[in-house]
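Here are my notes for a colleague who has the coordinates open. Please read them alongside the structure.

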Amino acid sequence: MIIVRPEAYRQYSVGRTHFTLVVEKAIADSFRLEGGSRYEQCSTVAVEPGRTLGDILRTDVPADGDVLAIATDDALLTAPAVDVTPGRTVAAIRVGTGPLALDQVGTQLEALENTDPDDVRQRAEKLTGALAASGGLRIEDALTGAAAELTYGRPTWSRSDIGVFVPGSVWSAPTGRLRLATDITGTALSGQIAVKGRPVVRARSAGVARRNEIYEQLAGLSHHPLVLTVENGAVTDLKAAAPGSGTAAAELERLFAESADHALISGVEFGLGVMTPSLPFNTEANSATAGRATASVHVVLGALPQSPYQLTLACSTSTVTALGGEESLAGAATDKAGERPRRRMNRVSAASCGCH
């Protein structure tokens, strides 16, 4: 039995009186809501196959409340803003495949409980402040010797998910990501970048099977690095360091042939979730996790919806510094194993919750 504790999720703003757990009917019996004093009412919606999250929000969920969706089906993990409405705060957790899928959901829920949004925000502000003052950054890899530089007149953040869920849209949980845009005028990225770590594969329209196939082909990067040669933001060459990364290189070459947009690096992404685990399936948690570092670093290939797929590739053995600076801002050199914020529960006062 997996316990869902809405009381513990500080990512939701205080003030809502309703909490709704949306979960696929096939796995609903594996979850139990555990109440507290934060919400007046809590409920579970067990969803039959074929329904969408937008449909559920329109018909089964209070208009002013917090929602957590847990599902394997893409249709239950996102919804248009018109269905979410400004009055709801909605987050979603993807369920993987295999015998450990539910255990992995439990791990993601624990990460949600243990993440302090204030800590995420403070580290995000330090990182963005340092990069705003620098005019660029340098990515260096101690394992392969690869190094690349990104220059810009002013940093543009194309994604800012720094620990809290904002009403009006669906947020992927666990949270904690910043993405620095590299595909805009006045920005240049060149050099060599070593990618190593669990990837994330997103798609414009392809089904789960194809996304998982791409993920599996890239999974060798979890153990073996691949060096990308980049000229002005585009990957021009791939060099595999081992057979495992050779498979990944072949898959990237196939994707580059399918669409040249896949070879364009659209961003450098930082993971800020120090309590978020890396998981062995295609999940957003793999880009949100900081690992043992202050922040992890990734490169993003492709940009939805222009390209059919978007790939976030970890640079787990690399370190990021500001141009002209010596302080390590993200990546391997910021490894602080054992220094983690302690879990802190919300202290709120509200009527008794009816979900237990």
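Which residues form one aromatic cluster? The first points take that up; the model is predicted throughout.

1. **Aromatic cluster.** The cluster consists of Y12, F19, Y39 and F165. In total the structure holds 4 aromatic pairs. Take Y12 and F19: the ring centres are 5.9 Å apart and the planes stand at 85°, so this pair is edge-to-face. Both Y12 and F19 are buried.

2. Buried or exposed? Y12 has a relative accessible area of 2%, so it is buried. F165, at 1%, counts as buried too.

3. **Helix α4, length.** This helix covers residues 117-132, 16 residues in all. At 1.5 Å a residue it should span 22 Å, and the C-alpha atoms at its ends are 22 Å apart, so expectation and model agree.

4. **Helix α4, buried face.** Its buried residues are P117, D119, V120, R123, A124, L127 and L131. Viewed down the axis of α4, they fall within an arc of 155°, so they line one face of the helix. What covers them? Strands β7 (136-141), β9 (157-161), β11 (177-181), β16 (265-271), β19 (318-322) and β20 (328-331) are included in the cover.

5. **Helix α4, N-terminal end.** D116 provides the cap. One of its side-chain oxygens lies 3.0 Å from the backbone nitrogen of D118.

6. **L301 and its surroundings.** L301 belongs to strand β17 (residues 296-301). Its relative accessible area is 0%, so L301 is buried. Beyond its neighbours within four places in sequence, L301 is in contact with several residues, including L228, V235, L252, F256 and H262. Also among them are L264, I265, Y309, Q310, L311 and L313. V235 is 66 residues away along the chain, and its C-alpha atom is separated from that of L301 by 8.9 Å.

7. G36 lies in the loop between β3 (31-33) and β4 (41-47). At 24% relative accessibility, G36 is partly exposed.

8. **Cis peptide bonds.** Two prolines deserve a look. A cis bond joins A173 and P174, with omega about -5°. P174 is in the loop between β10 and β11. The bond from L304 to P305 is also cis, with omega near 0°. P305 is in the loop between β17 and β18 (309-314).

9. **Positive phi.** T85 is not a glycine, yet its phi is positive, about 70°. T85 lies in the loop between α2 (81-84) and β6 (88-94). T85 is partly exposed, at 24% relative accessibility. N232, also not a glycine, has a positive phi of about 50°. N232 is found in the loop between β14 (226-231) and β15 (234-240). With a relative accessible area of 58%, N232 is exposed.

10. **Cysteines.** How many disulfides are there? The count comes to 0. C42 is buried at 12% relative accessibility. C315 is buried as well, with a relative accessible area of 1%.

Key: Residues numbered from 1 in each chain as written. Predicted model: local features only at pLDDT ≥ 70, side-chain atom pairs only at ≥ 80, totals over all residues. Heavy atoms only, no water. Helix = DSSP H or I, 4+ residues; strand = E, 2+ residues; numbered from the N terminus. Expected span 1.5 Å × (residues − 1). Buried < 20%, exposed > 50% of the residue type's maximum accessible area, 1.4 Å probe, protein only. Arc of directions from axis to C-beta. Contact = heavy atoms within 4.5 Å. Polar contact = N/O pair within 3.5 Å; in protein donor to acceptor, adjacent residues only side chain to side chain. Disulfide = S-S within 2.5 Å. Phe/Tyr/Trp six-rings, centres within 6.5 Å; stacked < 30°, edge-to-face > 60°.
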